[in-house]
Amino acid sequence: MHRRTLLAAALAPLAAHGHEPSARQAGLQPAGESLFKVWGFEVYVARLWVAPGFRAADFAAAPLALELAYRRAFSGADIARRSLTEMRRQEKFDDTQAARWESQLSALLPDVRAGESLSGLHRPGEGAEFLRGDGRSLGVLRDARFSKLFFGIWLSPRTSEPALRRALLGPFAEAG
């Protein structure tokens, strides 16, 4: 099977048991998942899949997949804006760079309704691909720094949600 097709299959709503064999064939294994709430409101369920040899301390060095199954509706522009706010917790970058990334991300991300999911694939040294819940590609943002900071929203020790990070990392949390 073609690598892109296999990765898309791995990033489809993986929580459905029928998709887990595809994730394993792609070399990804489930790490953890967690329900994210804000002020008691359910926002999304996050699920993480990682490549063998994954280390939390160096999360950006290996391919990984993150799925967000939304419990509420959000505009793609709001998701992009919030992502940039959270990315700035990881590392400083100037307003010009922020505007460029926000524009690119807004162009890729659709509005979501409760029950829909979006997935992201981190490609070390290359960038990030975003997919709909059915596995169809929304596009690629070819920027390794963006990808590291974007996935750092959930996986960096500087995350604003350390309990969510621990739950996503599952058995890998203690290792790094």
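Leaving aside its neighbours within four places in sequence, with which residues is Phe150 in contact? Those residues are Ser83, Met87, Leu105 and Phe130, where contact means heavy atoms within 4.5 Å. This is a predicted model, in which local features need pLDDT of at least 70 and side-chain atom pairs count only at pLDDT 80 or more, while totals for chains, interfaces and linings use all residues. Residues are numbered from 1 along each chain as its sequence is written, and side-chain values use heavy atoms, with hydrogens and water left out.

A nonpolar core is here a set of buried Ala, Val, Leu, Ile, Met, Phe, Trp, Tyr and Cys residues joined through side-chain atoms within 4.5 Å, and buried means under 20% relative accessible area, exposed over 50%, and partly exposed in between, with a 1.4 Å probe and protein chains only.

The twelve residues of helix 5 reach 15 Å from the first C-alpha to the last, close to the 16 Å expected at 1.5 Å a residue, the expected span being 1.5 Å times one less than the number of residues. Helix 5 is mostly covered, with nine of its twelve residues buried, among them Phe146, Leu149, Phe151 and Ile153.

At the N-terminal end, helix 5 is capped by Asp143, a side-chain oxygen of which lies 3.0 Å from the backbone nitrogen of Arg145. Asp143 itself belongs to the loop between strand 6 and helix 5, and because its relative accessibility is 21%, Asp143 counts as partly exposed. Not counting residues up to four places away in sequence, Asp143 touches Gln97, Trp101, Glu126 and Gly127.

**Buried serines**

Ser147, in helix 5, is buried with a relative accessible area of 0%, and its side chain makes a polar contact of 2.6 Å with the side chain of His122. A polar contact is a pair of N or O atoms within 3.5 Å; within protein, one must be able to donate a hydrogen and the other to accept it, and residues adjacent in sequence count only if both atoms are side-chain atoms. Ser83, in helix 3 (residues 76-87), is likewise buried, at 7%, and a polar atom of its side chain lies 2.8 Å from the backbone oxygen of Ile79. Beyond four places in sequence, Ser83 is in contact with Leu105, Phe150 and Ile153.

Six strands form an open sheet in the order 1-2-3-4-5-6 with antiparallel pairing, two strands being paired if DSSP finds at least two bridges between them. Strand 1 (29-38) and strand 6 (137-141) stand at the edges with a single partner strand each, so one side of each is left without a neighbour in the sheet. From one strand to the next the twist averages 15 degrees.

| Strand pair | Bridges | Example of bridge partners |
|---|---|---|
| Strand 1 and strand 2 | nine bridges | Phe36 and Tyr44 |
| Strand 2 and strand 3 | seven bridges | Trp49 and Ala65 |
| Strand 3 and strand 4 | six bridges | Glu67 and Ser119 |

In strand 3, seven of seven residues are buried: Leu64, Leu66, Leu68 and Tyr70 point one way, whereas Ala65, Glu67 and Ala69 point the other way. In a regular strand the side chains alternate between the two faces of the sheet.

Helix 6 (residues 162-169) lies across strand 1, strand 2 and strand 3 and runs at about 155 degrees to strand 1, where axes are lines fitted to C-alpha atoms, for helices over the stretch in contact, and angles run from 0 to 180 degrees between N-to-C directions. Within strand 4 (residues 117-123) lies Gly120, which counts as buried at 3% relative accessibility; its C-alpha atom is separated by 9.8 Å from that of Leu48, 72 residues apart along the chain.

How values were computed. Helices (H or I, at least four residues) and strands (E, at least two) are DSSP runs, numbered from the N terminus.
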